[in-house]
Amino acid sequence: NLVLQHFPTSPIFKKLWKSKCTPRLKFFAWLLFVDRLNTRNMLLRRHYNIQPNSMCVLCSTNNEEDLDHLFFTCPFAMACWSKLGIQWDVSINISDRVLHMIGTAEISCILEIFVFAAWEIWNIRNSRIFDNGSISFRLWFRNFSDQVHLHIVRVRDERTLDVA
């Protein structure tokens, strides 16, 4: 603690680690916030051979797949966020975008909703790359809804355990 007490900690990390997400989803979000998620752009920066190219597999805009495009400016991702009523200010960095959304949202679990939605976008992307899966907005929304329902049950169970 003595060594690390002078390092500033981003508020997004404090909120993330205190969130009710599962550890797997917290780690995924942490990788997203520190720009270490293995997007095609990240793999190219690490000198991995990406076949056939580094373009986004979720859209046909021929944009390079980086975090900003994949989760915020890709037409598929924009449709997902639009379904949730979320608009992003892409002029600021990702952590500040999410902090701004948390600050302006009227519900307390907005960070968890962000993480669930981003996780399901990531899963659709991975399914497309590794299993030649289809890009389906319906599938994304169904999986997102399932994540939310599981979270509600898990949080409800934690509250009943606290009371008992």
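## Surroundings of Arg-40

In this predicted model, Arg-40 is in contact with Ile-50, Gln-51, Pro-52, Asn-53, Ser-54, Met-55, Val-57, Glu-65, Arg-125 and Ile-129, when its neighbours within four places in sequence are left aside. Arg-40 belongs to helix H3, which covers residues 40-45, and its side chain reaches the backbone oxygen of Asn-53 at 2.5 Å.

What is the nearest side chain of opposite charge to the buried Arg-40? That side chain is Glu-65, at 4.4 Å, and because a salt bridge requires a side-chain nitrogen of Lys or Arg within 4 Å of a carboxyl oxygen of Asp or Glu, Arg-40 is left without a salt bridge although the residue is buried.

## Salt bridges

The count of salt bridges in the model comes to 3. One of them joins Glu-65 to Arg-125, with the closest N and O atoms 2.8 Å apart; this pair links distant parts of the chain, since Glu-65 sits in the loop between H3 and H4 and Arg-125 in helix H7, 60 residues apart.

Arg-97 counts as buried at 4% relative accessibility, whereas Asp-68, at 25%, counts as partly exposed. A further salt bridge brings together the side chains of Asp-35 and Arg-45 at 3.3 Å, N to O; Asp-35 lies in the loop between H2 and H3 and Arg-45 in helix H3, so the pair ties together parts that are 10 residues apart in sequence. Asp-35 is partly exposed, with a relative accessibility of 27%, and Arg-45 is likewise partly exposed, with a relative accessible area of 43%.

## The largest nonpolar core

The largest nonpolar core holds 45 residues, of which Leu-32, Phe-33, Leu-58, Phe-71, Trp-81, Val-98 and Phe-114 touch the most other members. Two or more residues come from each of helices H1 (11-18), H2 (23-33), H4 (67-73), H5 (75-83), H6 (94-104), H7 (110-131) and H8 (137-163), and H7 gives the most, with 12 residues.

Apart from neighbours within four places in sequence, Leu-32 is in contact with Leu-37, Leu-67, Phe-71, Ile-94, Phe-114 and Ala-118. Leu-32 and Phe-33 are among the buried residues of H2, which also include Leu-25, Lys-26, Phe-28, Ala-29 and Leu-31. In H5, the buried residues are Phe-76, Ala-77, Cys-80 and Trp-81; seen down the axis of H5, they fall within an arc of 130°, so they line one face of the helix.

## Positive phi values

The loop between H3 and H4 contains His-47 and Asn-62, neither of them glycine, and phi is positive in both, near 65° for His-47 and near 60° for Asn-62. His-47 counts as exposed at 74% relative accessibility, and Asn-62 is exposed as well, with a relative accessible area of 61%.

Definitions and conventions. Residues are numbered from 1 along each chain as its sequence is written. This is a predicted model: local features need pLDDT of at least 70, side-chain atom pairs count only at pLDDT 80 or more; totals for chains, interfaces and linings use all residues. Side-chain values use heavy atoms; hydrogens and water are left out. Helices (H or I, at least four residues) and strands (E, at least two) are DSSP runs, numbered from the N terminus. Buried means under 20% relative accessible area, exposed over 50%, partly exposed in between (1.4 Å probe, protein chains only). Lys and Arg count as positive and Asp and Glu as negative; His and the chain ends are not counted. A polar contact is a pair of N or O atoms within 3.5 Å; within protein, one must be able to donate a hydrogen and the other to accept it, and residues adjacent in sequence count only if both atoms are side-chain atoms. Contact means heavy atoms within 4.5 Å. A nonpolar core is a set of buried Ala, Val, Leu, Ile, Met, Phe, Trp, Tyr and Cys residues joined through side-chain atoms within 4.5 Å. The arc is that of the directions from the helix axis to the C-beta atoms.
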